[in-house]
Amino acid sequence: ASRRSVDVMAGVAAELSSVSNGWHGHKMNGSVHHEGCSSPRQSAVNLTNGFAHHNGYDAEPEEANGFVDVPAAKRRKLQQKKETEKDTLVDRRTKWISPAVYLHWKETVPEPPNMVRATGQYFFDDKGVKYLDMCNNVAHVGHCHPKVVEAGAKQMAILNTNTRFLNSRIVDYAEELSKVFPESLSCFFFTNSGSEANELALQLAHTVSGRPGTLGLEGAYHGHLKILKELSTFHYAKTGITRNGSCIAPLPDPYRSKYQGQPDQGKLYAMDVKKLIEEQEKAGNKIGVFIHESILSCAGQVIPPDNYLKLVYEYIHEAGGFCIADEVQSGFGRVGKHFWSFQGHGVSPDIVTVGKPMGNGHPVSAVVTTKEIAKLALQKGVKYFNTFGGNPVSMAIADAVLSAIKEEKLQEKAQQLGEQLIAGLKALMDKHPCIGDVRGWGLMIGVEIVKERETRQPDKDLAFTLSQRFLSDYQIIVFPEGVHCNVLKIKPPMCLTLEDCQMFVSGLDAILTSLDH
């Protein structure tokens, strides 16, 4: 089966070459060479104001010892020093950092890798080990993308201030971003995180609708602010948070559907929402906002069934409310066929929130809405100022990310690679019955791990074992996610290659075979 999956994917190698991203590095004479640069050294960002920035593109870590070229003898001493330091790094983190701040692999790996740099789709630890990143949807166009790094560094050296001062950066970016949204969504608020964006979006919707209730979905994640925790059942279901006017509709999961085997599941799930709206209305809680992810990421890359969102939008609008599409995790071309995942459902949100990949790791986000909603919100007292939101550095970085997506045709690449990766993973299902489902759009994919395919009983333990074995055996980073923590989430940087996909599929096949699954 693994051979078949590789053969399926190999067939598109030629097509994928046409959407080469133009910056992805490959090894050449012991260094990393990048397309379009006359030499590896010239790909580093050099500023004219006397500052020099080393972005990690000059050499592999074995030769650069992480950041600085040194003689071999000194390099060995530094390596020994780093190993000694690393022995206490987890202890130091435990001493100073809140235990509420989660650390990857803490429960399964005694000494998690100490990551010191990243480039493209790869991390490098302090020992020079290279790891393939299959889950970091924040580094959207690739870790430390040269053009993104350069844009931020140059603007930082020129001007950084707040939006009360007139400056072209925020206007230039808003004009560019508007080109990838429906014409009606043409008014922008810039923020620093997805949480900030979602909270502001709720403010706008509640104020204009005059209705205090909020409707969310089971398994969703919208951020860490209190009002968002009320709506983010994936992370906060056990915290005892009081839902002041917030209510949760059932997760519209086709794979684990309570309407399994029945036709038109989208309509049936939507009717649940309609009943919930009516019940809340009778109880005096008027629903003014519906906030949703078009692909529920933390729930396990769950794609709602056909017509679900269309009908829910209809019911919300009939009740006098507004619909917010949270594109913080799924936006900016990741889903391949569409630039925004809500477009795949044929709906027109009243408000859209974006973040994470928008800055490729830099904290920047936005709320996008209609001019009418923004005007009415202002008339009702919603003024907005954010010290850092929309600052020139953030706008320069976001603009560079948007340019990279377009110039390197990453949306098209996500569509083609995603189709082949899904096909390769599905080919393994014939051999490995513990793979219950493979689903996704573009490079936003979930692999559901189960104990028995017939009962669909989640296998959380096996999912965590797979994550650990991928790390130890193949130096591939992938984590379980989902309501039952049994879905391997695949959301890599979009500079991923066909070879990376083949290694992931072959690795999954080999690990499952060794585990007799």
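I began with the largest nonpolar core, which has 94 residues; F181, F332 and L425 touch the most other members. Helix α14, residues 392-407, supplies the largest share of this core, at nine residues. I keep in mind that this is a predicted model.

I then looked up the contacts of L425. Leaving out residues up to four places away in sequence, L425 touches I435, V438, I445, V447, I490, F504, V505 and L508. I also found a second, separate core of 21 residues. Among its members are C187, L204, V289 and I351.

**V328**

Where does V328 lie? I find V328 in the loop between β10 (322-326) and β11 (351-354). Buried or exposed? V328 has 6% relative accessibility, so I note V328 as buried, the cut-off being under 20%.

Next I listed the neighbours of V328. I again set aside residues up to four places away in sequence. V328 then touches G194, N198, T353, V354, G355, K356 and P357. I checked N198 in particular. V328 and N198 are 130 residues apart in sequence, yet their C-alpha atoms are 9.1 Å apart in space.

**Salt bridges**

How many salt bridges are there? I get a count of 13. I looked up several of them.

K147 and E407 meet through their side chains, with an N to O distance of 3.0 Å. K147 sits in helix α6 (residues 146-156) and E407 in helix α14, so this pair ties together parts 260 residues apart in sequence.

K258 forms a salt bridge with D272, and their closest N and O atoms are 3.0 Å apart. I place K258 in the loop between β8 (246-249) and α11 (265-282), and D272 in helix α11. I record D272 as buried because its relative accessibility is 12%.

K489 and E481 are another pair, with side chains meeting at 3.4 Å, N to O.

Last, I looked for a network. Which residues are linked in a network of salt bridges? I find R256, D437, R439 and E448 linked in one.

Note on methods. Residues are numbered from 1 along each chain as its sequence is written. This is a predicted model: local features need pLDDT of at least 70, side-chain atom pairs count only at pLDDT 80 or more; totals for chains, interfaces and linings use all residues. Side-chain values use heavy atoms; hydrogens and water are left out. A nonpolar core is a set of buried Ala, Val, Leu, Ile, Met, Phe, Trp, Tyr and Cys residues joined through side-chain atoms within 4.5 Å. Buried means under 20% relative accessible area, exposed over 50%, partly exposed in between (1.4 Å probe, protein chains only). Helices (H or I, at least four residues) and strands (E, at least two) are DSSP runs, numbered from the N terminus. Contact means heavy atoms within 4.5 Å. A salt bridge is a side-chain nitrogen of Lys or Arg within 4 Å of a carboxyl oxygen of Asp or Glu.
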